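The sequence and the structure are shown first.

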Amino acid sequence: MKSLSALLTLAALAATSALAQMSQPMVDENPTKISDHVWAIMGFPNLAIVVGSHATLVVDTGLGPKNGTTAARVAAKLAPNNPKLFLTTTHFHPEHAAGEPGFPPGTILIRNAVQQQEMEKHGQEMIDMFSQRSPQNKELLAGVVLRPPDVIFDQEATIDLGGVTARLLWFGAHTKGDELTFVEPDRTLISGDVVQNKTMPNIFGDGGTPASWLAVLEKVAALNATHVLPDHSAPGDGSLVAAELNLISEIRTRALALKRQGISPDDAGKQVSADLKTQHPDWPNTNAAGFVKSVYAELQ
């Protein structure tokens, strides 16, 4: 079991990586269309809105109730006649889940059991940590009280939105409770941190391992997504899944080779990061040091 201080340190590293790409904690009210039934509010993080003929699903909340209220308002504008609103979260970190109190009464909160366990153990301490990052964060998160879900599922839940089906899938990877949403018939994957675009992977705390992340990506690849909406990077097509798998496999293979040579994890992280920077000079961040340490740790 990771110590509280270790968890908070790793959380800070994860938050720093995300903030480097999406530094604005307020969400935008102008949605971007991703596919026929899926819109995104681009920000920190990207929020998804899935619209059917009689219900709407919002994936993630933004940082704090003010952002949650904005997300709910945009969802209502996209589908003003839908009587039912569902909300789910990709994982338990505050920018993804702490905006729930801003959603209207009657919103049906649904979440996988493992993510809820993480929320109960570490949700408040993560809110406290994020609150200390800036005065704006402190204001956005002031007084947030996390409520239990209305529905908890184990492996998969299916929501019929009316002509649109949202499959909520517990896979894990970045955290133990990582949840992906696959929207049919659009074949749109709302991928959380599990599949990103030109972004370094990061395992939070005692989440998964590089090997288990690769196993998750094999399952994700079988969905054969046409559109992918990550939470902290730009949307793209289904090729992002293979690109993520290749990136993690490449980092892991290189790190294992350096470990066999007796290279320290710190020096290995520097070497792998430098190699990635050479290969991908246009990427905003190629610091793989944290993930390399995860590779070293999984073989101890």
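Predicted model: local features only at pLDDT ≥ 70, side-chain atom pairs only at ≥ 80, totals over all residues.

## Strand β4 and its partners

Thr56 stands opposite Leu85 in β5. Strand β5 comprises residues 84-88, and β4 and β5 pair in the parallel sense over 5 bridges. Strand β4 also pairs with β3, here in the antiparallel sense and over 4 bridges. In that pairing, Val50 stands opposite Leu57 of β4. The strands β3 and β4 form a hairpin, with 3 residues between them.

How many of the residues of strand β4 are buried? In this strand, residues 55-59, the number is 5 of 5, so β4 is largely enclosed by the rest of the structure. Ala55, Leu57 and Val59 point one way from the strand, whereas Thr56 and Val58 point the other way; all are buried. Strands of a sheet pair through backbone hydrogen bonds, in either a parallel or an antiparallel manner.

## The six-stranded sheet

An open sheet is formed by 6 strands in the order β8-β9-β10-β11-β12-β13, with mixed pairing.

Phe182 stands opposite Leu189 of β11.

## Loops with particular backbone geometry

The loop between β10 and β11 contains Pro185, and the peptide bond from Glu184 to Pro185 is cis, with omega near 15°. Arg187 is found in the loop between β10 and β11 as well. Its phi is near 60°, a positive value in a residue other than glycine. Arg187 has a relative accessible area of 29% and is therefore partly exposed.

A positive phi, near 55°, also occurs at Lys198, likewise a residue other than glycine. Lys198 is found in the loop between β11 and α6. With a relative accessible area of 41%, Lys198 is partly exposed. Elsewhere, a cis peptide bond with omega of about 0° joins Phe44 and Pro45. Pro45 is placed in the loop between β2 (38-41) and β3 (47-51).

## Packing of α6 and α7

Two packed helices are described by the angle between their axes and by the distance between the axes. Helix α6 (residues 210-221) and helix α7 (residues 239-260) pack at an angle of about 160°, and their axes are 10 Å apart. The helices α6 and α7 are therefore roughly antiparallel to each other, the angle being over 145 degrees. The crossing in which α6 passes α7 is left-handed.

On the α6 side, the contact is made by Pro210, Ala211, Trp213, Leu214, Leu217, Glu218, Val220 and Ala221; on the α7 side, by Val241, Glu244, Leu245, Ile248, Ser249 and Arg252. By class, the residues of this contact of α6 with α7 comprise 10 nonpolar, 1 polar and 3 charged.

## Packing of α8 and α9

Helices α8 and α9 pack at an angle of about 130°, with their axes 8 Å apart. The two helices are therefore oblique to each other, and their crossing is right-handed. Residues Pro265, Asp266, Ala268, Gly269, Val272 and Ser273 of α8 meet Ala289, Val292, Lys293 and Tyr296 of α9 in this contact. The contact of α8 with α9 has 6 nonpolar, 2 polar and 2 charged residues.

In helix α9 (residues 289-298), the buried residues are Phe291, Val292, Ser294, Val295 and Tyr296. These buried residues of α9 pack against α6, α7 and α8 (265-279).

Leaving aside neighbours within four places in sequence, Val272 is in contact with Ile251, Arg254, Leu258, Ala288 and Val292. Val272 and Leu217 are 55 residues apart in sequence, and their C-alpha atoms are 21 Å apart in space.

Key. Residues numbered from 1 in each chain as written. Heavy atoms only, no water. Axes fitted to C-alpha atoms, helices over the stretch in contact; angles between N-to-C directions. Parallel < 35°, antiparallel > 145°, perpendicular 65-115°, else oblique. Left-handed = near helix turned anticlockwise from the far one by under 90°. Contact = heavy atoms within 4.5 Å. Nonpolar A, V, L, I, M, F, W, Y, C, P; charged D, E, K, R; others polar. Pairing = 2+ DSSP bridges. Buried < 20%, exposed > 50% of the residue type's maximum accessible area, 1.4 Å probe, protein only.
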